[in-house]
Amino acid sequence: MITALSGETSRLRATVDFVKQQDTATLLPLLLPGLDGPELRSLVERCAFSHAALLVLPSDEAALNAALAECGLVVDAPPRPSVVVRERLAERHRRSAAQLDVGLLRPEVECLDGIRRMVEVFTLTVPPGSDLETLAAHEREWQHEAHVAFEVAEPDPLVLRGLCAAFGQYGATPDGGGYNPHENGTVFYFGAPAEAKAGYRRVELYVPGDHRDVLASHLDACRERRPAETLLRLLTGAWTTQALTAFARLEVADAMDEERGVGVAELARDVGAFEPNLTTLLRYLTMLGVVREDRDGFRLTETGGLLRADAEGSMRPLALMYGGPFYESFAGLGHTVRTGEVAFERRFGENHFDHFARDPELADLFDRSMAAGSRMFDPLPAHPVLLAAADGATVVDIAGGNGELLGRILSAHPRLRGLLLERPHTVEAARRLLGAAGHTARCAFRAGDFADVPAGGDVYVLSRVLHDWDDDRCREILRHCARAMHETADLLVVERVLPADGSASLATAWDLHMMCNVGGRERRADHYARLFADAGLTLVGRTPLPLDGSVLHVRRTGPADPASRL
């Protein structure tokens, strides 16, 4: 143990000497060979050398204090928790983070350039005979946590992305990072290029504040370099779905607060949960950014707040649906791919429309889950077709669910009238919702199917309908619409449209979902155009919506009766 303590003190003294001798303009080119001229000056203006760090593993507090004193370091505050290093150690050694009480000390030293900088000391006590001794021996040998750090002067997202790109341009590679809620700071770690001459293998960018949006891209780049880790995270995605669903089903979000932390014991009592297991769930959700841990307990983040039942735009129904019936049916995805049969029908013995219609509670959950994606509709009432509609014009919402979209349109345009066509049990739910919004006098309701699309409307809406069906059924639905439309009527089709260039899109994920659970599909814009043409309709415009949605503006091709195309 004397040897270990001597080694800790020697490394600590070397770190102190390094910090005293360096400055930003000298250190950056040592870490990033080839960096000079205007680019060096630009980085010096935007970040400053702030500290060098190491992990020490003393046998007890007295040993730590002795090493600090021998190196002339004065600490006037107890250690703060180090969330980032704790998580890195837990991952590296496959241990529970709760077993690793990693502290953080930041004593200052006077440097040769007259600036006071820090020596960042991570500390994990390893008593003699502890089961942490193997971990300690590994860390002392490899010094994974030793690094030099630069603090970003202006924590602007554009500056952060630029700094990360500049580090990458000169050979630094993403190597993790995290957000520490105890000090409200975000850390970006990089591996130094092999040619670096500073004696450190890792570099940190420290940014005051919460910048997890930029950090997400950095961590994604880090995972791309670790294919096994990336695949493991993908394989455990089902755990995330069920964790969110359990959180929603137990109504934990409704018992929490966004402004203050709530203790786990209190939460467990409020929601009727087993306290130790609720703690485990909340720690997992902390990693996902759904909740945040502070000294008082756990509190909701803005993301987690969307799982409250009373939140505006609540996504709780989606969590219950995706973690419930659709989760069960997705287990049959392989069967769908192999046979072409719909997994939902194989699991439940009937198509999802009939299955939900038989169960009023499930039907209500489905309608509410559809409404939960309503942020897609936010810009729709401002569509030029609706703005230009004449006073008294009628908007017909075909298969309009519980009336969420039609209600938004009528609220935005008091001069318009509405008509909602839906199945009988859903019509009553829509009548209640639109009545509560004060639209009863301007809205009619009709129970029926697609064959019952009423004539005489001025604007027809098909929102997230066509993706439920194969091409033949889509043509049939569109022909019913075309027959009902007069020559100057407009049809607005709301769907997620597959990108023509294969770029990432929610539409691609929903294409898989529709195939597995409904037997439908998402389509490209040119595919929709062909379906419209087959029904005597013409695609005349496309407008983007949030959540990778689109409004396809469609009109009659001409005066001829489209029935002649059958």
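**A tour from serine 505 to a helix pair**

Begin by selecting serine 505 in this predicted model, and, leaving aside its neighbours within four places in sequence, display the residues in contact with serine 505, which are Val497, Pro499 and Asp548. If you colour by secondary structure, you will find serine 505 in the loop between strand E16 (490-498) and helix H24 (506-517). Next, show the side chain of serine 505 and follow it to the backbone nitrogen of alanine 507, which the side chain reaches at 3.0 Å.

Now select helix H23 (residues 471-484) together with helix H25 (residues 525-534), whose axes come within 8 Å and cross at roughly 50°. The two helices, H23 and H25, are therefore oblique to each other, and their crossing is right-handed. To see what makes the contact, show Asp471, Cys474, Arg475, Leu478 and Arg479 on H23, and then His527, Leu531, Phe532 and Asp534 on H25.

Finally, zoom out to the whole protein chain, which has 25 helices and 19 strands, and whose C-alpha atoms fill a box of roughly 90 × 60 × 50 Å along the principal axes. Of the 566 residues in the protein chain, 49% are buried. Among the contacts in the protein chain with a separation of 6 or more, 68% are between residues 24 or more positions apart.

Conventions:
Residues numbered from 1 in each chain as written. Predicted model: local features only at pLDDT ≥ 70, side-chain atom pairs only at ≥ 80, totals over all residues. Heavy atoms only, no water. Axes fitted to C-alpha atoms, helices over the stretch in contact; angles between N-to-C directions. Helix = DSSP H or I, 4+ residues; strand = E, 2+ residues; numbered from the N terminus. Parallel < 35°, antiparallel > 145°, perpendicular 65-115°, else oblique. Left-handed = near helix turned anticlockwise from the far one by under 90°. Contact = heavy atoms within 4.5 Å. Polar contact = N/O pair within 3.5 Å; in protein donor to acceptor, adjacent residues only side chain to side chain. Buried < 20%, exposed > 50% of the residue type's maximum accessible area, 1.4 Å probe, protein only.
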